[in-house]
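Trainee: I'm new to this one. Could you walk me through it, one question at a time?
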Amino acid sequence: MVDVIKKNVKALQESLFSSVGSSVLTIGTTYLVLNFFRGMFGFVMSSDKDWLAVLNNMQLYMVQAYPESDFIRVWISVGLTFVFSGISIGLWRSEDRSNVSVIFDRFFKIGLGVLFFTIVAPTFTSYMGNDGSVITEEIFSRSTRLGLLIPTLIGTVAFFGLKNMKINFSYNNSDVVFLYLFIPVVLLWFVKLPVIQLDQNKERIMPDPLMPIANTTKIPWSIIFVMFLISYFIGIYFKDVKRLKNVMSISWFLLPLLIFSWIFKKPQIDMGEVLTGDIPIFFIFFIVGLVTVLFINNPIVKKYYSIYLGIILVGTLAGIFISIPMLAKACLLLLSLFSMVVPAVSTSDQGKRSLIIIWFVALVTLTFLLRGGASETGIVVPGSSIFGGFSLTWLLAIFGTYVSFPLGVMLALGRNSKLPIVRIICTGIIELVRSVPYITWLFFASVTLAVFLPAGVEFNLIVRVLMVTAFFSGAYFAENIRGGLQSIPKGQYEAADAIGMSPFQKTGLIVLPQALRAVIPTLVSSAITAFKDSSLVTIIGLFDFLTIGKTVIDNQSVPVNFVGHQRENLIFVAVVYWIFTFTLSRRSMKVEKRLGLGER
Amino acid sequence: MSIIQANGVKKWFGDFQALKGISMEIAEGEVLVICGPSGSGKSTFIRCINRLEQHQEGEIIVDGTELTNDLKNIETIRAEVGMVFQSFNLFPHLTVMQNITLAPIWVRKKSRSDSEEKAMELLNRVGIPEQADKYPGQLSGGQQQRVAIARALAMDPKIMLFDEPTSALDPEMIKEVLDAMKELAKSGMTMIVVTHEMGFAKEVADRVMLFDEGMMVEENTPDEFFDNPKNDRTKLFLSQIL
């Protein structure tokens, strides 16, 4: 025991006080951190701050004015995301194991931190009262301090002992996610939070009583946790089914579309339209695709196939301008892409079979999503849009990244292309989009975009914002990826050529994987920027997460007066943003490590 | 019947003429060593054979197909011609096994299990079966070059091109690569080897050529080439290199 302490003290000495310079740095930084902490602690605890302004408005923060009767849709979308995550974690479960002492060590360090900050926390704080006088109050009494110190000390010592007991028990690194999630879910059932209660005169009762967390919060979360766990086991069970991994990857891409068009919105469907429009269109295109696949190897068909392809391409272009149902336009576009792929893949029976399956699934998905996306929503929300608060921020970030990333890849490849027209178009798009500020693009989306769309086509403001966001961050992604493409040595291209790979295979299998890997850090920082920049939508009248905290709650006076409590809300918003971006950057570091960047 | 035929191949890089009319023939199963000072066009010439460089005049016929801009021809020829580079050019993001099976699976459309079986066989042949699951970055230079040979062989090529395969290697690793190449030559593979390893040329080659300033200055059997060269340029070259 003494040895361990001696060793640690020596290590501290070496790392913190090795020279005069480092000693000065250590003392200086400690002083700064201490003062920052004491200041923040005083700010958070002082009685003129009303944290209920945050706690009481959680619902507003998450979904803005979304009607409570449709909350099930929100829960389903959250639940679906977790189920997908569960299956994915199970499918891609890592085989890395860590010794349980790692967890004890982590808790021990947290305990040490809590101990340190409990000791240095200020007892008194002072703030400026309404009349300008300085009010000093006790915020951290001796008994609270002791009440916190003693259990933490016991816990810390216990974890220190456990950590040094050399317990020979290891756990799977993927499993531990569930332990860390289990803790907050269990806490939901025991923690009591202060809530605002009003008396019969609609006056706030002080002090606010502590109440258990509402059933409408804890029951859905518990169900989601259980589903998460079950889907994880399903994932593990099907771990060896290779095809499922591909299905999951595509599903992840479709999930936001599904949530956007079917779950977060209540599509008002006219069954007549479905029967007379969607289903016939679906069958016509399915049969055309089927016939193409079945008869492609017929010599006569082969001979005239390029003419057929030309007709479809012209039809697709014409379809954009003539007024046919949206579904038919999208199907035409899909058909022209499909027809280009068919001759290359349908060389064997197996290829033909998978082509037909892909064609069927793609058409069903397209019809389903378009019907949901194009229909009017049945959800009526006061304000500009059905999305607001964190769900809007999240939608802009996730959806923006999902669309802009493939777009960025295509633009980057196009800019490096040997074909001059493709190169000029891609360079033009990138330069045009990048050289105009994002705010200008947002105004463009809200005011001008409708002018550029064909007559009769109208999108919701959020969809228009998503479109410009996709292009804006797509341009940045493109430039990042181009940097990665340029880092690939010429020898890689030659080696791929020399083994007879086609240009597509060369790009998809050799160049892109290496290029993307090289630019993961910049890609992540672009994604983080996109996430944070989503708060700019406030200037065109959308109520994102930040706007709720800064403007909406600050002006709330009914039923409870929260006017003037902006600072608490801003701190809360900042913390939430930080949690998400920090998690993202930690995950990306793990991905980098896993891909072995820098090792090879 | 010659498997490669070149008639008056000329190639310019801008104003600089790298190949000044090369004509030659190689029979099936023959091992040809090309040597010469740097900048003599020997690498350029073999890179023309699988169209990594384009020649501007003359014709090259590989296995009955003439090299033109027709993309289909190029891909067929590249599948028939394996190439090993000076700087290995393995794919660093794939394991050794994936490096070798990539082309059979995607270009030849073979099944994964067949390709992997074949790859293990090839790794055994070049003597590094235990490295199958490592990444190229974890291997020594000699091992990487042997993987590169296995990768080229996985396509069942009729012709193998070696572009200075040992120049980037430490002396003690050269031998292991040369051994693999000798074994390959004995198995009857048609090979064109650009190298400065004169020992290899003496022992394995059926013919030796000397390139200088874009021209072929001497073509001879190895014995004659080393003991009784016809050309003065060859004598000078040999005196410098030996």
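Trainee: Is Ser473(A) buried or exposed?
Mentor: Before that, a word on the ground rules: this is a predicted model, where local features need pLDDT of at least 70, side-chain atom pairs count only at pLDDT 80 or more, and totals for chains, interfaces and linings use all residues. Residues are numbered from 1 along each chain as its sequence is written, chains are lettered from A and ligands numbered from 1 in the order in which they are written, and side-chain values use heavy atoms, with hydrogens and water left out. Now, Ser473(A) has a relative accessible area of 9%, and buried means under 20%, exposed over 50%, partly exposed in between (1.4 Å probe, protein chains only). So Ser473(A) is buried.

Trainee: Which residues is Ser473(A) in contact with, leaving aside its neighbours within four places in sequence?
Mentor: Ser473(A) sits in helix H18, residues 461-486 of chain A; helices (H or I, at least four residues) and strands (E, at least two) are DSSP runs, numbered from the N terminus. Contact means heavy atoms within 4.5 Å. With those sequence neighbours set aside, the partners are Gly400(A), Ser404(A) and Ala530(A).

Trainee: And Leu275(A), is that buried or exposed?
Mentor: Leu275(A) belongs to helix H11, residues 271-295 of chain A. Its relative accessible area is 55%, so Leu275(A) is exposed.

Trainee: Over in chain B, what does the radius of gyration come to?
Mentor: Chain B has nine helices and ten strands. The globule rule (2.2 Å times the number of residues to the power 0.38, with the radius taken over C-alpha atoms) gives 18 Å for 242 residues, and chain B is close to that, so it is as compact as a globular protein of that length. Its radius of gyration is 18 Å.

Trainee: Which helix of chain A do the buried residues of H2(B) pack against?
Mentor: Helix H2 of chain B covers residues 71-80, and its buried residues are Ile74(B), Ile77(B), Arg78(B) and Ala79(B). Within chain B they pack against helix H1, strand S4, strand S5 and strand S6. From chain A, the helix is H19 (490-498).

Trainee: How many salt bridges does the rule find across the interface of chain A and chain B?
Mentor: The contact takes 20 residues from chain A and 22 from chain B. A salt bridge is a side-chain nitrogen of Lys or Arg within 4 Å of a carboxyl oxygen of Asp or Glu. Glu494(A) forms one with Arg47(B), the closest N and O atoms being 2.5 Å apart. Across the interface, the count is two.
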